[in-house]
Amino acid sequence: MSQAKPLIIDVHGHYTTAPAALGAWRDLQIAALKDPSQKPDPKALKISDDELRESIEKNQLKLMKERGSDLTIFSPRASFMAHHIGDFETSSTWAAICNELCYRVSQLFPDHFIGAAMLPQSPGVDPKTCIPELEKCVKEYGFVGINLNPDPSGGHWNSPPLTDRHWYPIYEKMVEYDIPAMVHVSTSCNSCFHTTGSHYLNADTTAFMQCLQGDLFKDFPTLKFLIPHGGGAVPYHWGRFRGLAQEMKKPLLDEHLLNNIFFDTCVYHQPGIDLLTKVIPVKNILFASEMIGAVRGIDPQTGYYYDDTKRYVNATANLTDEERYAVFEGNARRVFSRLDSALKAKGL
Ligand SMILES: [Zn+2]
């Protein structure tokens, strides 16, 4: 791991380009909620290795090669998780299918993809029901993280805050396995909130504030949360959060939250990355692009894809080469310790 040429690890990628048969199976599953006799068999979903290969080679892998990133932590499509649909059994079947596909991609392209799990969350259902799927993904599939939805209702926010004991069964397992959770909501079914334009960013900001108000990391000193999409509004309003913590007699944020909370670089313009890297300590920033994701176009101001975030990290004047290495590789290996172990096993 030379600092001159870091491994470029993208900690936030989803399987947004899965073959159409996956979506068609999901449509049948949703339709059968009205008529359980029509419930589709997971075995009826047939996707060949060639179809998986094609869906990756023409999309994520092509762009990774063009942009110069090496490895993506790969989880099921976030907006498709839709935990609000159906009941636990619906989510459980769906999560198992989606996770297995990401596992198969990681087996077909072991140098370029490693999995992170979607959990079979369901509104009002005890999160401990997610443990068997989590265990399978870590122990059998070699996944290195999970995505935790703080709002399985899809925009109505009727679960307790992330600091509540409600979530502790998942945290206990995360600590046992030393895996981080990316705090990631799914589709909004509240028409006030656009899924990727507001619900995602609201959730990022909300998750941070919930942690600020609580004392979760006193109970779990090694628990790690990755807040995606550059941390929502958090870095931009860092002074507000510092001031609120002060009024609540909380410790300084460095001590209160920054041993446990990390931010990715899914901010789609240079001034955003400049601000992130100026405000948030470098040790808390992990490279990511969420590619191919919500914003797929080309920025007419630059001529480059908005989500080509490596370009902004390279261009920012705020980072030394050593710090850039930390953002691209070092921090990901520290936060995703199972990824580090997997890389070391390959001599990387
Ligand atoms: Zn995402």
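This is a predicted model: local features need pLDDT of at least 70, side-chain atom pairs count only at pLDDT 80 or more; totals for chains, interfaces and linings use all residues.
Biologist: Why is D204 called buried?

Modeller: D204 has 25 C-beta neighbours inside 10 Å. The label requires 20 or more, so D204 counts as buried.

Biologist: Where is D204 placed, and what is it in contact with beyond its neighbours within four places in sequence?

Modeller: D204 belongs to helix α8, residues 195-213. With those neighbours left aside, its contacts are I227, P228, H229, G231, G232 and V234; each has a C-beta atom within 7 Å of that of D204.

Biologist: What makes β4 and β5 a pair of strands?

Modeller: Three bridges join β4 (residues 145-148) to β5 (residues 181-183). Pairing needs at least two bridges, so these strands pair, and they run parallel. L148, for instance, has V183 in β5 as its bridge partner.

Biologist: Why are β1 and β8 called edge strands?

Modeller: The open sheet has eight strands in the order β1-β2-β3-β4-β5-β6-β7-β8, with parallel pairing. β1 (9-15) and β8 (285-286) each have a single partner strand, so one side of each lacks a neighbour in the sheet.

Biologist: What makes α14 largely enclosed by the rest of the structure?

Modeller: Of its 15 residues, 11 are buried, so α14 counts as largely enclosed. Its buried residues, including Y325 and F328, pack against β1, β6, β7, β8, α13 and α15.

Notes:
Residues are numbered from 1 along each chain as its sequence is written. Helices (H or I, at least four residues) and strands (E, at least two) are DSSP runs, numbered from the N terminus. A residue is buried if 20 or more other C-beta atoms lie within 10 Å of its own, exposed if 12 or fewer, and partly exposed in between; C-beta atoms are placed from the backbone. Two residues are in contact if their C-beta atoms, placed from the backbone, lie within 7 Å.
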